[in-house]
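This report describes one protein structure for a reader who is new to the subject. Please keep the sequence and the model in view while reading.

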Amino acid sequence: MSNEPITLTAGDAEATVLPGNGGRIGGLRVGGTELLRQGERYGCFPMVPWCGRIRDGRFGDGAVVHQMPLNSPPHAIHGTARDAAWRTARVTADEAVITYDLTDPWPYSGRVTQVIALAEDGLTLTMSVETYESSFPAQIGWHPWFNRTLGGPGTLGGADGPGAEIAFDPAWQEERGDDHLPTGNRVEPKPGPWDDCFGMPDGVDVTLTWPGRLELKVTSREQWVVVYDEQEAAVCVEPQTGPPNGLNTLPRLVTPLEPLEATTTWAWRRL
């Protein structure tokens, strides 16, 4: 099938999937209100086969060291799939399945499958990485850009309104070095603004609240979440299978017998 844009609907919820633009969710509207920041680099993109930054773009696999392009000098950031065209495998009214075959500059062969399932009160994203050849380290995550305020036509309760409030209770915060990478130390969670990784051993559970309008809960069985709210226009809540630089510090292995899979759900309710 082609990689043309896909529109999913469920009740008054509508999601736009853009296989041709990095397999990202280009828009998510609830009752006509857009929840995601618009723009070709925004929406919500998949982070695969790694999440966040890799120090100096290098990661080791046994004795072999691989070099990734430095797309966020001096580091490599957010994987390769967000810059590629995905292919549409299957579409129904409320679900899309899209795939991406790993290729250069990633040194291993494999296939990424992403399932986007829309319901009236939530969106569930599931991603898997599988290989039939060499095993390799990998990570999975998502990078949504949620609008800080819910503005524009069809808004819930007004034109702009108060900004999103972030509530979560992490067990620790990864200490961030001057190079924006975790130092390896775990510290007590600090107040924002954040561009930081947090540990949630019982699973990611972060609530965004636009007061008087909408509550949205980001959950995942995974134990790591990056929260970024240093930008005026948007806030990001990024569930992932390991911390930044995790290919070097906490790799998850994809093998011919065991793919790597992760899921996140965004559940919302009107206030």
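## Threonine 207 and its surroundings

Leaving aside residues up to four places away in sequence, threonine 207 touches Glu165, Ile166, Ala167, Glu215, Leu216 and Lys217; a contact here means heavy atoms within 4.5 Å. The model is a predicted one, in which local features need pLDDT of at least 70, side-chain atom pairs count only at pLDDT 80 or more, and totals for chains, interfaces and linings use all residues. Residues are numbered from 1 along each chain as its sequence is written, and side-chain values use heavy atoms, with hydrogens and water left out.

Threonine 207 belongs to strand β21 (residues 204–210). Strands (E, at least two residues) and helices (H or I, at least four) are DSSP runs, numbered from the N terminus. With a relative accessibility of 13%, threonine 207 counts as buried. The term buried means under 20% relative accessible area, exposed means over 50%, and partly exposed lies in between (1.4 Å probe, protein chains only). The side chain of threonine 207 also makes a polar contact with the side chain of lysine 217, at 3.3 Å. Such a contact is a pair of N or O atoms within 3.5 Å; within protein, one must be able to donate a hydrogen and the other to accept it, and residues adjacent in sequence count only if both atoms are side-chain atoms.

## The sheet of eight strands

Which strands make up the open sheet, and in what order? The order of its eight strands is β10-β11-β12-β13-β26-β22-β21-β17, with antiparallel pairing. Strands β10 (87–91) and β17 (165–167) stand at the edges with a single partner strand each, so one side of each has no neighbour in the sheet. Two strands pair if DSSP finds at least two bridges between them. In general, strands of a sheet pair through backbone hydrogen bonds, either parallel or antiparallel.

| Strand pair | Bridges | Residues standing opposite |
|---|---|---|
| β13 and β26 | eight | threonine 124 and threonine 265 |
| β21 and β22 | seven | tryptophan 210 and leucine 214 |
| β22 and β26 | seven | valine 218 and tryptophan 266 |

Strand β22 (residues 214–220) is mostly covered, as five of its seven residues are buried. The hairpin of β21 and β22 has three residues between the strands, and glycine 212 takes a positive phi near 75° there.

## Features in the loops

Two peptide bonds to proline deserve a look. The bond from valine 48 to proline 49 is cis, with omega near 5°, and proline 49 lies in the loop between β5 (44–47) and β6 (53–54). A cis bond also joins glycine 192 and proline 193, with omega about 5°; proline 193 is placed in the loop between β19 (182–187) and β20 (195–199).

Histidine 180 is not a glycine, yet has a positive phi of about 70°. This histidine 180 sits in the loop between β18 (172–176) and β19 and, at 29% relative accessibility, counts as partly exposed. Asparagine 245, also not a glycine, has a positive phi of about 65°. The loop between β24 (234–240) and α1 (246–249) holds asparagine 245, which counts as buried at 6% relative accessibility.

## The chain as a whole

The protein chain contains one helix and 26 strands. Buried residues account for 53% of its 271 residues. Along the principal axes, the C-alpha atoms of the chain fill a box of roughly 60 × 45 × 30 Å.
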